[in-house]
Amino acid sequence: MSEIQRRVRSTHFRDKKQRGEKIVMLTAYDAAMARLLDAAGVDALLVGDSLGMVVMGCETTIEVTLDAMIHHTKAVSRGVERSLVVADMPFMTYQAGIDEAVRNAGALLQKGGAAAVKLEGGRAVVDAVGRMTAVGIPVMGHLGLLPQAIHQLGGYRRQATSAASEELLLQDALALQEAGAFAIVLECVPDAAAQRVTGQLSIPTIGIGAGPGCDGQVLVINDILGLSNAAPPFSKLYFDLGTAVTAAARQFASDVRDARFPDREGKTRDDAVVQPDR
Ligand code: KIV
């Protein structure tokens, strides 16, 4: 079996770092998108709690529930043959107690079909991470900008910008590694801080707005496809699917209103494809 077809496991992440192979992660929230991203060879699909903002239209990720995450993780898992499915643990599903955190993480694997969970925070959550990894639940950490702490942070702004906060970032990363995390997302921190942390860890870092020095990169799928109305500046538009969808819907509306659809002359589906304006 070729390398591209082999199922990605959390245990492969450290090997990839050692080989200097960049890790590719994108978010996914449903089976259709998961199938496409899996076929493209993306290493890991993150069912992020960004679900709340990009799919549910909420202002923050705070409202996302465990049930919602299980529902979408199940959908993503059904669409995947190769990629590692990582499910975000929503706000207040792992902070209130270790037993509850382990049970909730277990539910994302058992009911959602995830192969790993991700949670936000450093030393504050390492006891929970330790218990999860001890019972066989692979955990991805998340440091830097923590969207679940947005009310405390006061805005989506760059973190670890001083020498002292960079040092705390490093200590948190080392603590997560020590607790058994297999990788750490670094969100919105200076390139130099991300590079320093990456160099000090044996587990990989996966950056988002953290520069090219990380061992891998993750972006929100809706942001790179033009499906978000507020993509962050560090993201990149790879295809403007948003404009294409509006063009297709406009074409359908005018076809229906002008009685061009359904077609009585037996045209094929391919004749009807609308090309997006680029
Ligand atoms: O929820 C999410 O999509 C994330 C990524 C931004 C890393 O945590």
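1. The ligand has eleven residues listed around it: Thr27, Leu46, Gly48, Asp49, Ser50, Asp88, Lys118, His142, Glu187, Ile208 and Val220. A residue is near a molecule if one of its heavy atoms lies within 4 Å of it. By class, this shell has three nonpolar, four polar and four charged residues. Ala, Val, Leu, Ile, Met, Phe, Trp, Tyr, Cys and Pro count as nonpolar, Asp, Glu, Lys and Arg as charged, and the others, Gly among them, as polar.

2. The model is predicted: local features need pLDDT of at least 70, side-chain atom pairs count only at pLDDT 80 or more, and totals for chains, interfaces and linings use all residues. Residues are numbered from 1 along each chain as its sequence is written, and side-chain values use heavy atoms, with hydrogens and water left out.

3. A side-chain N or O atom of Lys118 is 2.8 Å from a ligand oxygen. For Asp88 the distance from a side-chain N or O atom to a ligand oxygen is 3.1 Å, and a polar side-chain atom of Asp49 is 3.1 Å from an oxygen of the ligand. Of the 260 Å² of accessible area that the ligand has on its own, the protein covers 95% (Shrake-Rupley method, 1.4 Å probe).

4. The ligand sits in the largest pocket, that is, more than half of its atoms lie within 2 Å of the pocket's grid points. A pocket is an open set of points on a 1 Å grid over the protein atoms alone, where a 1.4 Å probe fits, with protein on both sides within 12 Å along at least five of seven lines; lining residues have an atom within 4 Å of a point.

5. This pocket has a volume of about 730 Å³ (the space filled by probe spheres set on the points). It is lined by 37 residues, and Ser50, Met53, Val220, Asp223 and Pro232 are the closest to its centre. The lining divides into 21 nonpolar, eight polar and eight charged residues.

6. Two backbone details deserve a check. The peptide bond from Phe261 to Pro262 is cis, with omega near -5°. Met92 has a positive phi, near 70°, and is not a glycine. Most residues other than glycine have a negative phi, and most peptide bonds are trans.

Note on methods
A polar contact is a pair of N or O atoms within 3.5 Å; within protein, one must be able to donate a hydrogen and the other to accept it, and residues adjacent in sequence count only if both atoms are side-chain atoms.
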